[in-house]
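Please keep the sequence and the model in view while I talk.

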Amino acid sequence: MRLRGTIFIVLFIIIAVAIIGVSRYLGTQPPTEYTVAVDPLAQGWVEAAVTAFNASQPTVSGHRIQFRVVVADDLSVWQGQSTWTPNNHQDAWLAASSASVEYARANNITLVNVSDSLARTPMVWGGYISRADLLTTSGTIPLDWGQVQGAAVKMQTSDWSALGGDKSWGFLRLGFGQANTKIAGLAALFTAAADFNRNADLSQIALSAQPFRSWLLPVVKSKPSFFNNGDPVLAMTRGPSTIELAMFPEAQWLLNIKGMINQEQVRVNYPDYQFVLDFPLVRWQDDTPADADRQVAVKLLGDWLSTVQQQAALPDYGLRPATTEPTQANNLFRVAIQYGISFTPSYGQAVKPPSANEARGLVQWVVANK
């Protein structure tokens, strides 16, 4: 009996030593690397969060893992610049918009939802008050598509003097994200289509309809509008002589408004028809043996990005948490309240995006008419 007990003790020690040895061995091995693509709008937040995630030394199937952040504009994933294929893709994608994910799926990219939304940023109109006041009766009405399109029509044959402005200001200079590369430009187009049709559901509306395109054409022709090759947000920080009025994601206003007010006072407001960028996390799916570990790894990352700590960091990057709103404690938002930003804005009517074909056709038309 005593011999049997001794054998059990020896076996226990051997097993324990083996487990410790294996654990130490695995700990010395390089981690398995996964990649997560992220739209530039959330790049800063994701890079900081992923650095902290990697430092926590997560493991999958006993192996350490880490993520590497790859920057990819939403449109580059589904529009053709670097469309994902079975032989060329990231393991996960934090898209700026759920619409982008659906458009990628329409291109037969196999994506599986991990988190429906990890951050938010709505679209926001804004402009230098010397110009905006002329279109909004000194701010008594909000700046929206009706005022901007009307100004664009008048300035097809005249300059700002036609609206009571200074002739030296020249013609109207509008700012939007590049419609063929930036989700912000596409989102602006969606709000324009909804406003023109007075219908938030674009899934049932043909964006190729001639009345809409004729209405939008003066806006497209307003330099630099939807096709400026540079960064329209950065250009606007140089003053109204570069860009006077613009529609950007709220996060871009928050991160750049200080530079703008160094040139001249600005005022912003939220549009009647709103398209909120909602930042879903998805992962690639295939039938390879490695896919099971990928599923677990991306789920761990999604859980990490959903933690209270990581969500609380979002306002530092101009983004709103997925399910809560910023407060007085968030400096970027608090400082921008005086210019029209709101802790809890009226989000207006939520725009339902059109089909991938309609979106692609509209982008092509805008680029062709620059």
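Before I name any pairs, let me say that two strands count as paired if DSSP finds at least two bridges between them, and that strands themselves (E, at least two residues) and helices (H or I, at least four) are DSSP runs numbered from the N terminus. With that in hand, Ala37 has Val70 in strand 3 as its bridge partner. What you are looking at is a predicted model, in which local features need pLDDT of at least 70 and side-chain atom pairs count only at pLDDT 80 or more, while totals for chains, interfaces and linings use all residues. Residues are numbered from 1 along each chain as its sequence is written, and side-chain values use heavy atoms, with hydrogens and water left out.

Let me begin with the chain as a whole. Its secondary structure comes to 14 helices and 15 strands, and its C-alpha atoms fill a box of roughly 105 × 45 × 30 Å along the principal axes. Of the 370 residues, 48% count as buried, where buried means under 20% relative accessible area, exposed means over 50%, and partly exposed lies in between, using a 1.4 Å probe and protein chains only. If we take contact to mean heavy atoms within 4.5 Å, then residues 24 or more positions apart account for 76% of the chain's contacts with a separation of 6 or more.

Now to strand 1, residues 32-38, which has five of its seven residues buried and is therefore largely enclosed by the rest of the structure. Strand 1 pairs in the parallel sense with strand 3, residues 63-71, over seven bridges, and also in the parallel sense with strand 4 over three bridges, where Val36 stands opposite Ala92.

Strand 4, residues 92-94, in turn runs antiparallel to strand 13, with three bridges joining them, and here Trp93 stands opposite Val282. Strand 13 is also joined to strand 5, residues 111-115, by four bridges in an antiparallel arrangement, with Leu111 opposite Trp284. In a regular strand the side chains alternate between the two faces of the sheet. In strand 13, residues 281-284, Leu281 and Arg283 point one way and Val282 and Trp284 the other, and all of them, the arginine included, are buried.

Let me turn to another sheet, an open one of five strands in the order 9-8-10-7-11, with mixed pairing. Which strands stand at its edges? They are strand 9, residues 224-225, and strand 11, each with a single partner strand, so one side of each is left without a neighbour in the sheet.

Strand 7, residues 123-128, has six of its six residues buried: Met123, Trp125 and Gly127 point one way, and Val124, Gly126 and Tyr128 the other. Five bridges join strand 7 to strand 10, residues 245-249, in the antiparallel sense, and in that pairing Val124 has Phe248 as its bridge partner, while Gly127 has Leu245. Four bridges join strand 7 to strand 11, residues 266-269, again antiparallel, and on that side Gly127 stands opposite Arg267.

Next, the cores, by which I mean sets of buried Ala, Val, Leu, Ile, Met, Phe, Trp, Tyr and Cys residues joined through side-chain atoms within 4.5 Å. In the largest nonpolar core, which has 93 residues, Phe67, Trp93, Trp145, Leu186, Leu216 and Phe226 touch the most other members. Helix 7, residues 183-197, gives the most to this core, with ten residues. Leaving aside residues up to four places away in sequence, Leu216 touches Trp145, Leu189, Ala192, Leu362 and Trp365. There is also a second, separate core of 20 residues, among them Val233, Met260, Tyr339 and Phe343.

I will finish with Ala368, which is found in helix 14, residues 356-368. Is Ala368 buried or exposed? At 65% relative accessibility, Ala368 counts as exposed. Ala368 and Val335 are 33 residues apart in sequence, and their C-alpha atoms are 40 Å apart in space.
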